[in-house]
Every structure is written in C-alpha cells, then in structure tokens.
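Have the structure open, try each task yourself, and then compare your steps with the worked solution.

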Amino acid sequence: MDPSLHSSAPVGRRAAVTAIGAALAAGLSACAGPETAVSEPPPGDPDQVAAASWGSASATPSPAPSKQSRRRFIPDYRIPPVQNGLAPVITRIPTQHPVVFLTIDDGITKTPETAALMAESGLPATLFLTRNFVRDNPAFFKAFQAQGSLVENHTMSHNTNMVRQMSYDQQLAEITGMQTYAEQQFGRRPTLFRPPAGAYSNVMRKAVADAGLQAIITWEAKANAGHMDYQVGNALRPGDIVLMHFRPEFAADMAAFRQAQLAAGLEVVLLEDFLQVA
C-alpha cells in the first residue's frame, strides 16, 4: 500500500449507498448488452500502528453472503509463465472483453459499514491481505470469501521498504509466511502477490516464484479518498486492475469505483477466474 494514499475523511454508509444507487441508475444503459455465452475457459509503516486500533471479532459483524448473477467471459489472456526463475508482473490485463478487476489491500479497517457495503454491492474482489493487519479478526474476511472474493498474498508485515532493506531470504520469509497463514486461516494457498507500495525488483520476483506464486499484480487505476486516480487516461478501460484499501473512507472509494465502472460499461470479474488461477 502506498502511504501517500492515506486520507482521514470518513463518509457515512447512507451517503455512500445513495451515491452507489445513483451511479447504478446512471450506468444501466452503459451496461446493457447481449449475454456472453458461458463455456469452459482455455487459461515504522503508519498502517502498522493503525492496525492495532481496529475492532475484534466480537465487535465487528461479518457481511451476509450475497452473490449477484454476472456475465461470464471466456478469457482471451493467459498468465505468462515464470521465466528464468522470475515471476511475471501484471499491471493490467490485455483483453477485448468489457471487464474490470477490483482488488482491495491490507485489511486494516474492519467495520460493519465496510462489510455491509461489500455485501450490498455483491461484487467479487481480490483481497491482498497482510497478516499483521488481519490476524486480530481473520473471520471478518471469511464472509467476503462466501460472497465470491479470494484472499491473496500481501506479505506478513507490509514493510514498504522491503525491496531496499531485505535480502532474498528475508523477502522469501515474508512471502512464504503469508502463504502459510492464508492457507491456515482461509483454506486456500494464494496464487497472486502484491508488493507493499507496489515496489518490486528481480530479487522479489525470484522470491515470489520460489514461494510458488504465479504473478506479481500491480495497478494503473485506484479508488482513493472518494475519487478515481488514473496513471493512464481519465477513465476505466477494459482490463484495468483497480486498487482500493480497507480504510475508513472505504464507502466513498466504493462509490467512486462503482460510478467509474458503470460509466465505462464494464463488468466486474474476479481476477483469479479470468487468469484461471482460482
């Protein structure tokens, strides 16, 4: 997670739901279109300080499972293989399909409002979680799994300087430790990795591959502080991987993402399903 993305302006759940509802209404015509046939596919960090202040399992209800029927797409992209011992880096998916991929990082903020908004949206998301941020209440994220989301690897400690400060062995320990923790807590060994703050090197790519992960996932679009930021262009494009965070402003970020997604006429698809690494 990029520390520069922090914002302290919370948005009420009611206002966010209203905004999402307006975005849904505005985007209906953009999302209309013929169904795509279903077929079998071919392939000190400040957050660490903040993590200690968030609720426990007894204080935070889990979202009720809620799945919406969604269009299915035959993937037209296959994840590149590990080459020369280095995991591939994927920033966006080159595809002709009108799809977008939602990813949510860290796991610090665990509130009823966050849970309810995800349940109401019914959207699948890839959750890049950090052990030190989620171990106070891992059960909170199991309900997101029931809605169709999957947990992936975002290291044990979220050291944003690990590329510069850690050796290969230290990076491998950070990654494999989260592999083991995720499998124990969520019943699935992650297949995708996101580096803290997005920084990576060939040493990290080797550690990722040696840990058994298939790719490093970065991004070019993010929902941040209630609006969308783009590295390329000024709107979502097919194949974009969108970054969000479990933060106090989650509601505003979700509303901004939904408005952009519907305006672009894109379907939210689970990244792992499209990459066939679920």
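**Exercise 1.** Find which residues are linked with Arg-92 in a network of salt bridges.

*Solution.* In this predicted model, the network joins Arg-92, Glu-220, Arg-237 and Asp-240.

**Exercise 2.** Decide whether Arg-237 and Glu-220 are buried, partly exposed or exposed.

*Solution.* The cut-off for buried is under 20% relative accessible area. Glu-220, at 17%, is therefore buried. Arg-237 has 23%, so this residue is partly exposed.

**Exercise 3.** Work out why the salt bridge between Arg-194 and Asp-105 ties together separate parts of the chain.

*Solution.* Start with the contact: the N to O distance in this salt bridge between Arg-194 and Asp-105 is 2.9 Å. Then locate the ends: Arg-194 is in the loop between strand S5 (192–193) and helix H8 (202–210), and Asp-105 is in strand S2 (residues 99–106), so the bridge connects parts 89 residues apart in sequence. Finally, check burial: both Arg-194 and Asp-105 are buried.

**Exercise 4.** State how many salt bridges the structure holds, and check the pair Glu-249 and Arg-247.

*Solution.* The count is ten. Glu-249 and Arg-247 form a salt bridge at 4.0 Å, N to O, and both residues are buried.

Key:
Residues numbered from 1 in each chain as written. Predicted model: local features only at pLDDT ≥ 70, side-chain atom pairs only at ≥ 80, totals over all residues. Heavy atoms only, no water. Salt bridge = Lys/Arg side-chain N within 4 Å of Asp/Glu carboxyl O. Helix = DSSP H or I, 4+ residues; strand = E, 2+ residues; numbered from the N terminus. Buried < 20%, exposed > 50% of the residue type's maximum accessible area, 1.4 Å probe, protein only.
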